[in-house]
Amino acid sequence: MKNIQKKLAAILCIALSSVSLWGCGEQAAEETAEDVAIVEASKPERGSLKLSNSFIATINPDESVYIIPKATAEVLAVNVEAGDKVQEGDVLAVLDDTMAQMSMKNAQLQLDNAQHAYNLSYGDAATTLNNMQTDSTLDQAADGVDTLQESLVDAMDNLQYYKDMLADEEAELDDLKKEYDFVEDVDEIKDYAEDNFDPNNPKEAADYAAAMQRYQNAATKVGTTEAKISNYKSAIDQLEETINKLQKNIDSTYNSYSQAVTSSNLSNGELREEQKKVSQNSISAAQLGIEQAQESLDAYTITATISGVIESVNVSEHDFATSSSPAFVISNKDAMVATFYVSEDVRNTFSTSQSVSVAKDENTYSGEIVEIGAAVDQTTGLFKVKASVNGDTSALLSGTKATVTTDTYHENNALIIPYDAVYYDGTDAYVYLVVDGKAKKTYISTGLYDAESIVISEGLTENDMLITTWSAQLRDGVAVSIVDTASQE
């Protein structure tokens, strides 16, 4: 408003000077404003000029993890949904750990037997044992333990085999349901044919016959598959019962074997230090087996490794979880970042900790640059830049777009003048200076500029008096009258 008032005042002065004394004589009429340019002027200022640019960025959590199962097994329960908040350690899903439980029981049995054997041979009560089994009894007991353990391994292998076959057949049944378009029972196809087509109607007879043929084909295939599933389930039940019996027999037989070993050692006086070390090593090995079995058992409980929000759930009950794909994705939305791409020239103007503004919808967030790419992104051909997003970011959704605004090009300690004070002859820039009361056309070299200011790299000094306003009379060599702007404010 002040600049407008100043320009109006200047125009008014020109008008008054051109009409003053109008009609009062020829001499007064000849004194017109054409001989004087009334302008404003000031000296160039030294300072800094910065440009801001905006970039389209993608919002994502700074910390995201993929939860990949460590075991392949049937999913028994899924405890979370996408969008749920979880804490580190929360149980996300539970897998079928039947095999791991068996391995743990077997490892515990091995440890118990090793400790029992050690106590019988080298414990406080060892000196009171005598007249135990003969060497033949010792061999027989050892053979019995080995045979039972081999049977146990075979049974566990068979159990896993039948579980794998069961999974294949259940998958085959699912495929048949999709192929023949029924949900629960194959009779759905027959019911559909009877409900929708009349075999006695010539127009519908062919559709009815086709549907019934599809039913018969499906019934044959489904019947075979369901029979296999039933057989595999029966075999699994029998094997699990067999494994439980074998584990009990191993425990009983191993006790007999341990007693036989103790009897033989006592009767022959072979309580040697070397044998004691062997027994201790057996205990250590069994303890290591317990640790490994527990680690394996823990793998069947899937837990959150960080606190955050569940971004995606890729498993459901009765699916088979595998280590080949993530079951869950968790993001820590307390720390969000905006990722955008820039050219090399712009990238070189940035520095870490540089302030940015992030605008999304009607919200604006403060932040700062936290990462500047050192190599060109092969997909975009640009440099990746990451900026933190501060404040309450709960409303920001992963993968959405936002606008990042920050300073780019800048010049410090530069000579700066108003942008409107510069004129052009083609591509040559020039200004008008006040020299000895007259306008002097002066060519200059310019640098960085915005809508209001421009940097002068050559052609001016801080002591020059620069004409900053336009006048119709302004030209090289014309007399100038400088408006006292301070008196008009």
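Okay, so the protein chain has nine helices and 20 strands, where helices (H or I, at least four residues) and strands (E, at least two) are DSSP runs numbered from the N terminus. Before I go on: this is a predicted model, so local features need pLDDT of at least 70 and side-chain atom pairs count only at pLDDT 80 or more, while totals for chains, interfaces and linings use all residues. Residues are numbered from 1 along each chain as its sequence is written, and side-chain values use heavy atoms, with hydrogens and water left out.

Of the 489 residues in the protein chain, 35% are buried. Buried here is under 20% relative accessible area, exposed is over 50%, and partly exposed is in between, with a 1.4 Å probe and protein chains only. Now contacts, meaning heavy atoms within 4.5 Å. Take those between residues at least 6 apart in sequence: 77% of them join residues at least 24 apart.

Let's go inside. The largest nonpolar core has 32 residues. By nonpolar core I mean a set of buried Ala, Val, Leu, Ile, Met, Phe, Trp, Tyr and Cys residues joined through side-chain atoms within 4.5 Å. Ile67, Val86 and Phe328 are among those with the most contacts inside this core. Which elements give two or more residues to it? They are β3 (45-67), β4 (73-78), β6 (91-95), α3 (98-122), α7 (273-298) and β10 (328-342). The most comes from α3, with six residues. And there's another core apart from that one, with 30 residues, including Met156, Leu173, Phe182 and Ala218.

Leaving aside neighbours within four places in sequence, Val86 is in contact with Val80, Leu92, Ala304, Ile306, Ser307, Gly308, Ile310 and Ile330.

Next, Gln247, which you'll find in helix α6. Buried or exposed, would you say, for Gln247? Gln247 is buried, because its relative accessible area is 11%. Not counting residues up to four places away in sequence, Gln247 touches Met102, Lys105, Asn106, Leu109 and Leu152.

Last stop, the second largest pocket. A pocket, on a 1 Å grid over the protein atoms alone, is an open set of points with protein on both sides within 12 Å along at least five of seven lines, and lining residues have an atom within 4 Å of a point. Of the 18 residues lining this one, the closest to its centre are Glu74, Asp96, Gln160, Lys163 and Phe320. The largest share of the lining, six residues, is from α4. That's the tour!

Methods: On a 1 Å grid over the protein atoms alone, a cavity is a set of points where a 1.4 Å probe fits but cannot get out, and a pocket is an open set with protein on both sides within 12 Å along at least five of seven lines; lining residues have an atom within 4 Å of a point.
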